[in-house]
Amino acid sequence: MWLDRLHVAPAEQGSGLAAGLLHAVIVNYVGEPSISLEVIKGNDRAIRFYEREGFVTTEERDACGGIGGVPTLVMRKALSRA
């Protein structure tokens, strides 16, 4: 499964809203092997958030969504089969 976008307004960052949204997505995909996403390299706040949520970096890319010059990290989290 691929998570295409998860954005919250700056005023909501740190409120738990992003974690709630992420968990709401994941709970609907029980049985899927994993969830992956792409985050812009250097977006340390987002990277730390995803690491706290159990994601690990699996790949580095030179093009965000195919847009050259925007390096990204692909992060993946294994999901529960039950």
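This is a predicted model: local features need pLDDT of at least 70, side-chain atom pairs count only at pLDDT 80 or more; totals for chains, interfaces and linings use all residues.

A strand, as I use the word here, is a DSSP run of E covering at least two residues, and strands are numbered from the N terminus.

Is Ser34 buried or exposed? Ser34 counts as buried, because its relative accessibility is 11% and the cut-off for that class is under 20%. Leaving aside residues up to four places away in sequence, Ser34 touches Met1, Arg76, Lys77, Ala78 and Leu79, and with one of these, Arg76, the side chain of Ser34 forms a polar contact of 3.3 Å.

Asn28, by comparison, sits in the loop that runs between helix 1 (17-27) and strand 2 (34-40). Asn28 has a relative accessible area of 60% and is therefore exposed, yet its side chain still reaches the backbone oxygen of Ala24, at 2.6 Å.

Let me turn to the largest pocket, whose volume is about 770 Å³. Its lining comprises 29 residues, and those closest to the centre are Leu6, His7, Asn43, Ala46 and Tyr50. Strand 1 (2-3), helix 1, strand 2 and helix 2 (44-52) each contribute at least two residues to that lining, with helix 2 giving the largest share, six residues.

Methods. Residues are numbered from 1 along each chain as its sequence is written. Side-chain values use heavy atoms; hydrogens and water are left out. Helices (H or I, at least four residues) and strands (E, at least two) are DSSP runs, numbered from the N terminus. Buried means under 20% relative accessible area, exposed over 50%, partly exposed in between (1.4 Å probe, protein chains only). A polar contact is a pair of N or O atoms within 3.5 Å; within protein, one must be able to donate a hydrogen and the other to accept it, and residues adjacent in sequence count only if both atoms are side-chain atoms. On a 1 Å grid over the protein atoms alone, a cavity is a set of points where a 1.4 Å probe fits but cannot get out, and a pocket is an open set with protein on both sides within 12 Å along at least five of seven lines; lining residues have an atom within 4 Å of a point. Grid points are joined across faces, edges and corners, and a volume is the space filled by probe spheres set on the points. Contact means heavy atoms within 4.5 Å.
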